[in-house]
Amino acid sequence: MKCLVFVVLLGLLIAIFAGSSEGNLCTCDLKTKSMEVCGSNGVTYKNRCEFECTQRDYKKLGRTLNIRSMGSCSVPDN
């Protein structure tokens, strides 16, 4: 019985760690010249791939991130 409980707990730990490390992998080719993207959070991303990686992280947190505009985010003049 103790062995079964140990195996179940071990399986749960493996599943948790495998799921968390899998979701953090996001590779973008930053060498390719791409148009910058302005996110709804006011951050300028180097390209759409970088934006989509961040968007995925936001979604995991239950938050929304959209494209505000193509190109750099501009700072409003005061």
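This is a predicted model: local features need pLDDT of at least 70, side-chain atom pairs count only at pLDDT 80 or more; totals for chains, interfaces and linings use all residues.
Residues are numbered from 1 along each chain as its sequence is written, and side-chain values use heavy atoms, with hydrogens and water left out.

Q: What length does helix α2 reach from its first C-alpha to its last?
A: Let's start with the helix itself; helices (H or I, at least four residues) and strands (E, at least two) are DSSP runs, numbered from the N terminus. Helix α2 covers residues 48-60, which is 13 residues. The expected span is 1.5 Å times one less than the number of residues, and α2 comes close to that expected 18 Å, reaching 18 Å.

Q: Which residue caps the N-terminal end of α2?
A: Look for a side-chain oxygen that lies 3.2 Å from the backbone nitrogen of C49. That oxygen belongs to N47.

Q: Which residues of α2 are buried?
A: Buried means under 20% relative accessible area, exposed over 50%, and partly exposed in between (1.4 Å probe, protein chains only). What covers the buried residues of α2 includes β1, β2 and β3, where contact means heavy atoms within 4.5 Å. The buried residues are F51, C53 and Y58.

Q: How many disulfides does a search of the whole structure find?
A: A disulfide is a pair of cysteine sulfur atoms within 2.5 Å. One of them joins C28 to C49, S to S 2.0 Å. With bonded cysteines counted along the chain, the pattern is 1-5, 2-4, 3-6, and the search finds three.

Q: Is the disulfide of C26 and C53 left-handed or right-handed?
A: The sulfur atoms of C26 and C53 are 1.4 Å apart. C26 lies in the loop between α1 and β1 and C53 in helix α2, so the pair ties together parts that are 27 residues apart in sequence. The torsion about the S-S bond is about -55°, so this disulfide is left-handed.

Q: Which cysteine forms a disulfide with C38?
A: C38 is buried, with a relative accessible area of 1%. The link has 110° about the S-S bond and is right-handed. The two sulfur atoms are 2.0 Å apart, and the partner of C38 is C73.

Q: Is C73 buried or exposed?
A: C73 forms its disulfide with C38. At 14% relative accessibility, C73 counts as buried.

Key:
A polar contact is a pair of N or O atoms within 3.5 Å; within protein, one must be able to donate a hydrogen and the other to accept it, and residues adjacent in sequence count only if both atoms are side-chain atoms.
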